[in-house]
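Start with the sequence and the structure below.

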Amino acid sequence: MGNEKKRKRQEQNGERPAKKAAVPQAEGNVRVQYIDNDDVPGPIIASTPGLKFPSQITFKSYKRTKVLPTGNITELLLQSSEHSRLDYTAREEKDGSSESKLKDYVGVYDPATGKMQIMPVKRVTVRSTLRSETEELQNRQARIEAAQSTFTAKRHALAAEFGSKRSRKAIEDMTQNAIQRGDATKDEGMAENVLQGMSGATDDMPTTAQLAAAVDESKPRPRANLSAEYPIDVYPIDVVVGKELMALIEVNDWVTASESGKGVEVGSRFVAKRITKLVKNKQYQKLKVLCFILLCVKLNDIAKPGKGAKRLPPKGKFEAAIGEDVPAALGNTIRRRFATENNDLPRWNIDNLITHACASALIVDDFEVDVNDLKEDFKLDNKMIKQYFAELGCRLNLPTEADRTKLKITKAESSSHTIAKLKLPLKFPQLGRGPPKKR
């Protein structure tokens with residue numbers, strides 16, 4: 001230390017090192033422009049407390065607006081299920097602290113024009129959840145709901161006690177309730193007919209709204225989570241596909257074939273167009289849902305017309321009919337899921353099968369589906385495939401310019417395409433009041 005030369009302190013009046021400005025100085029005044037990015041999410045500040053975040057992951061953004069007396073509040077949610085085991089969710093967390101009440105802004109300055117653009121930045125916290133734990137919580141909630149008494153059981157008991165012959169017949173017909181085709185008055189007027197036939201009922205009789213809810217619950221479609229705040233929570237995978245089937249479905253062959261460039265040949269246009277993309281993005285959860293759609297298409301194809309209902313091949317022939325690439329355990333599980341004990345597929349069961357496939361398509365395509373491919377896969381007309389998506393609460397419209405660009409179709413070709421979008425609040429077909437009374 002004693003032999004080392006110490007650096008001399010720079011004198012106060014000495015010259016400072018020359019520095020160069022990062023950007024040229026603007027001449028005159030700087031124009032400031034405020035940009036409101038409520039419609040389109042802008043930059044986001046994300047914190048990941050205690051989380052090792054993947055370097056490459058894609059999030060799907062959702063927005064919800066609350067109308068309060070003090071004004072509108074917009075909440076942002078980012079969600080990703082690309083990881084094989086984890087779900088990532090980014091939300092705005094308001095813990096009441098002074099820091100959580102601060103607002104962040106970002107500014108972009110253009111020295112050429114002397115303009116500064118300023119926009120608000122939302123701050124979100126990214127957290128991860130183990131997918132198996134999430135499925136267990138959802139299954140527990142489903143078991144609780146199943147244990148509760150439904151309006152359907154109450155309505156049946158009340159009709160048996162007080163109803164007329166006509167109302168009892170209407171209740172029996174409702175067990176075969178299928179999605180309406182063109183004439184919406186037959187089943188939709190059922191609640192009104194039941195009430196008309198119960199002239200001697202007490203004050204405890206169900207109201208029209210309650211009966212409508214019971215009719216709605218008996219529809220052949222996946223149970224919708226009506227309390228969901230985001231579209232992703234309306235039809236969860238464990239409700240549409242089921243935990244048992246998700247565990248049985250294997251997609252290793254698809255992944256290996258796609259990664260080697262061989263491709264995969266399947267008997268579904270909808271499925272064939274999406275395998276490569278999902279494998280490339282490593283979205284294996286959605287790949288299993290895509291396989292479930294293929295199983296639904298196969299089940300519909302091998303069902304042959306019978307007396308009053310379609311019929312599946314008997315055990316022993318069923319395994320060969322559905323395909324050697326489908327394991328026996330998987331094929332028998334999906335058969336029990338949608339067919340009767342006699343291997344029949346009545347109209348109600350067919351509708352239930354197709355609506356589950358449509359709900360799965362919404363999951364795969366991030367809740368915006370071109371229904372044309374599924375129409376071809378299930379051999380339906382435009383009216384029927386649109387009715388299935390309408391029963392799930394979707395809004396149906398012709399493709400917009402952005403949709404046409406995404407689908408790579410012309411404006412003339414778009415007339416044969418329909419885009420089904422799942423948005424909140426859900427928009428289900430309205431129940432009619434039936435034919436007018438005769439006077």
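Cys291 is buried, with a relative accessible area of 10%. The model is a predicted one. Cys296 is buried as well, at a relative accessible area of 0%.

Which cysteine sulfur is nearest to that of Cys291? It belongs to Cys296, and the distance is 9.9 Å. Cys296 is in no disulfide either; its nearest cysteine sulfur, that of Cys358, is 9.4 Å away. The count for the model comes to 0 disulfides.

Now the rings. How many aromatic pairs are there? The count is 1. Phe292 and Phe338 form a tilted pair. Their centres are 6.3 Å apart, with 45 degrees between the planes. Phe292 sits in helix H12, residues 284-302, while Phe338 sits in helix H14, residues 328-338. The pair therefore ties together parts that are 46 residues apart in sequence. Are these two residues buried or exposed? Both Phe292 and Phe338 are buried.

Rings also meet charges here. The charged end of Arg274 sits over the ring of Phe270. The charged end of Arg335 sits over the ring of Phe318. The table gives the distances.

| Charged residue | Ring | Distance from charged end to ring centre |
|---|---|---|
| Arg274 | Phe270 | 3.6 Å |
| Arg335 | Phe318 | 5.7 Å |

Technical notes: Residues numbered from 1 in each chain as written. Predicted model: local features only at pLDDT ≥ 70, side-chain atom pairs only at ≥ 80, totals over all residues. Heavy atoms only, no water. Disulfide = S-S within 2.5 Å. Buried < 20%, exposed > 50% of the residue type's maximum accessible area, 1.4 Å probe, protein only. Phe/Tyr/Trp six-rings, centres within 6.5 Å; stacked < 30°, edge-to-face > 60°. Helix = DSSP H or I, 4+ residues; strand = E, 2+ residues; numbered from the N terminus. Lys NZ or Arg CZ within 6 Å of the ring centre and 35° of its normal.
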